Amino acid sequence: MKKQKINTVIVFVIACLIINGFLSIQVKRQRATEEYKASYTAEITVRRIESQLNRYLAKTDLLKKMIQSGTELTDTQFDKLASYMMDDDGVLQAIELAKDGTVSQVYPLESNRQAMGLDFFTDPERKVNATLARESGEYTIAGPFDLVQGGTGALLFDPIYRTAEDENVFWGFALLVIDWNTFTDGLGLDNLEDASYQYQIWKKNATTGEKIILVEGTDAVSDDAIEVPCEVPNDVWYFEIAPKDGWYSRSQLILNYLLSLAVSLLFATIYWQYAVRRYKDAIYTEQIRKTADEAKAANAAKTNFLARMSHDIRTPLNGIIGLLKIDEQHPDDAALIRANRGKMLIAANHLLSLINDVLQMSKLEAGELVLAREVIDLNEMTVDILTIVEQRAAEAGVTMEYDPNSDMPPYNYVYGSPLHIRQLFLNIYSNCIKYNHVGGKVTLTFQDLGEKDGITTYRWIIADNGIGMSEEFQKHIFEPFAQEHADARSIYHGTGLGMAIVESLIEKMNGSIEVHSRLGEGSTFLITLPLEIAEEPESETEKVPSASIRGLHFLLAEDNDLNAEIAEMLLQDEGASVTLVKDGLQAINCFRNHPEGTFDAILMDIMMPNMDGITATRHIRALDRPDAKQIPIIAMTANAFAEDARKCMEAGMNAHLSKPLQMEKVVATIAACCKRVGDKTI
């Protein structure tokens, strides 16, 4: 065995060298990818700026051509033309004519009267740009600066010349006054903040060369930010952008080093086990090998499931444990701890999503999943879904497009299960983004297939130009855990359950799904759903005060000490007081032994020792005292599906809250059950 030990050490060393080299390349590729994504994002913003300026400039063409032709516009004619030119988004604050450089006409006059008579060639802030526009013959953007009529804005100078005696004679300017804050808000810069980018748009002072910041994010731009120029007539703006957390972090390098050690040790262990197995193979007979093969075949499904779940559960769990250890070693580094908490939350949500997928797939296969029947606003749901996926797409460098030739839904309000409809579309969009490439795109086309007997049928066509699928794999795409590539789980972080869940949900909704794909060219998903037409609900215009549970006293039944501690602290932070018991039997006795009015509500876990929450609820409702029938009983449980909520309601509970708890929803639900408006009980 000495030779096997030496060879194992050699395997470990070689694996360390290879994996370290590979991870170093990956780090460089990661930075290159991040730089490409940031540059792509900046280019899009720059193009949007140029497009917006050109769009507004086009509005002055009619005025410019009429004056060039010799037409003298009366105030009435000017006001009528300018009123047509004003936009609906609030960016244009005013339209002006400045004959010989002095404002002679302005629309609307009432809110911009102070601008009348302003001479741009004598005004200190405006004369440089006015002179530049007159001499170059090209429109020029000036500002932003404080406007004489109030507010902050920018000016678009569009010079006008008339032909006289074969010479172009300067007549004056057609000007657009742009509300600067509204203009910059329309550029979508908030999306850069949401995508964790730091950014800054600036230009040079035409006289001093000093840097003038036009727009910037909440965080200062780092020195290694990417700079993208934005050409505007007679000027250049510069767009700087970089990730808030840097192109790659030191913790990532440390993690890579630890990963190389772990993987190398794994290779060495596998080799050692292989060597030992080879050493002992001589003692095994053909019959034993045959028996092992039969056993392996018989348990293939279970082994495959356990292996996948072990990998998927351990991956985020390992990340959480590792981050906790890092926090222990750096107790005084508040910034590191905050960053690690965010990463742990992401890993925990991924783990929760995995568990939900597995449980939902199990319920779908068992036929236990129950669809809701609620009124759905398709426009609102579409906006909600696209808001989520557009952010994911931006982070992946993928463009979302809506086919302009799509139909308009004739019936926007329908009955359906919003949770499950949203889930199936998010799964499909996520796959189109996940299995795409930087610079790729995802297109949505909507079709109306007609209405019959109160049922409208709609079709969604979602197409991407990503990596696509082979014809062979398309036959298995809806099978649980099906993935085309052996390394798909590591590269794309998927469980292989998404499309199986999508197909099962669509079947329960009496719809259909088709998939067309070519390897390397992309995929197209056709989802057809028949939906019952609903009436448009009445709008609620009355403003409802924010929910509050301050001053309320709750009886909390929770057997898990950690969950009890968390719930108690969160409720106390909201101003409530809590009496804690360990199971359903204690909850009954505690409620019975306290006088009427002691508790405002009972918060009940479901799975507890001695007596579960549903049984305890039935016993409390059966007690011979008036408040037993009236006190709100609210489930706070990890049993998170619709059928679990239904069982709670049938047992006499008033509401159902699933773990992990979302305190905004918890407070709103409890306040509603306790008939609280603001801090008052009604």
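**Figure 1. Crossing of helices H17 and H18 in the predicted model.** In this predicted model, the crossing of helix H17 with helix H18 is right-handed. H17 comprises residues 584–593 and H18 comprises residues 613–621. Two packed helices are described by the angle between their axes and the distance between the axes. For H17 and H18, the angle is about 20° and the axes are 8 Å apart. Because angles under 35 degrees count as roughly parallel, H17 and H18 are described as roughly parallel to each other. On the H17 side, the contact involves Gly584, Ile588 and Phe591. These residues of H17 meet Ala616, His619 and Ile620 in H18. Classified by residue type, the contact of H17 with H18 contains four nonpolar and two polar residues, with no charged residues.

Figure 2. Strand S20 spans residues 633–637, and five of its five residues are buried, so S20 is largely enclosed by the rest of the structure. In a regular strand the side chains alternate between the two faces of the sheet. In S20, Ile633, Ala635 and Thr637 lie on one side, with Ile634 and Met636 on the other. Both faces of S20 are covered, and these residues are all buried. Strand S19 (residues 601–604) runs parallel to S20 and is joined to S20 by three bridges. Within this pairing, methionine 604 stands opposite alanine 635 of S20. Strand S21 (residues 655–658) also runs parallel to S20, and four bridges join S20 to S21. Here isoleucine 634 has alanine 655 in S21 as its bridge partner.

**Figure 3. The open five-stranded antiparallel sheet.** Five strands form an open sheet in the order S2-S1-S5-S4-S3, with antiparallel pairing. Strand S2 (102–107) and strand S3 (140–146) are the edge strands, and each pairs on one side only. From one strand to the next, the twist averages 30°. Strand S4 (residues 152–164) and strand S5 (residues 167–179) pair in the antiparallel sense over twelve bridges. Threonine 163 stands opposite asparagine 168, which belongs to S5.

Figure 4. Proline 144 lies in strand S3, and the peptide bond from glycine 143 to proline 144 is cis, with omega near 5°. The relative accessible area of proline 144 is 27%, so this residue is partly exposed. Leaving aside residues up to four places away in sequence, proline 144 touches Thr152, Gly153, Trp180 and Leu214. Of these contacts, tryptophan 180 is 36 residues from proline 144 in sequence, while the C-alpha to C-alpha separation in space is 6.6 Å.

Figure 5. A cis peptide bond leads from tyrosine 107 to proline 108, with omega near -5°. Proline 108 is located in the loop between S2 and H4. Aspartate 100 occupies the loop between S1 and S2. Although aspartate 100 is not a glycine, its phi is positive, at about 60°.

**Figure 6. Positive phi at aspartate 453.** Aspartate 453 is found in the loop between strand S13 (441–452) and strand S14 (455–464). Phi of aspartate 453 is near 55°, a positive value in a residue other than glycine. Aspartate 453 has a relative accessibility of 70% and therefore counts as exposed.

**Figure 7. The protein chain as context for the close-up views.** The secondary structure of the protein chain comprises 21 helices and 23 strands. The chain has 682 residues, of which 41% count as buried. Among contacts between residues at least 6 apart in sequence, 66% join residues at least 24 apart.

Conventions
Residues numbered from 1 in each chain as written. Predicted model: local features only at pLDDT ≥ 70, side-chain atom pairs only at ≥ 80, totals over all residues. Heavy atoms only, no water. Pairing = 2+ DSSP bridges. Helix = DSSP H or I, 4+ residues; strand = E, 2+ residues; numbered from the N terminus. Axes fitted to C-alpha atoms, helices over the stretch in contact; angles between N-to-C directions. Parallel < 35°, antiparallel > 145°, perpendicular 65-115°, else oblique. Left-handed = near helix turned anticlockwise from the far one by under 90°. Contact = heavy atoms within 4.5 Å. Nonpolar A, V, L, I, M, F, W, Y, C, P; charged D, E, K, R; others polar. Buried < 20%, exposed > 50% of the residue type's maximum accessible area, 1.4 Å probe, protein only.
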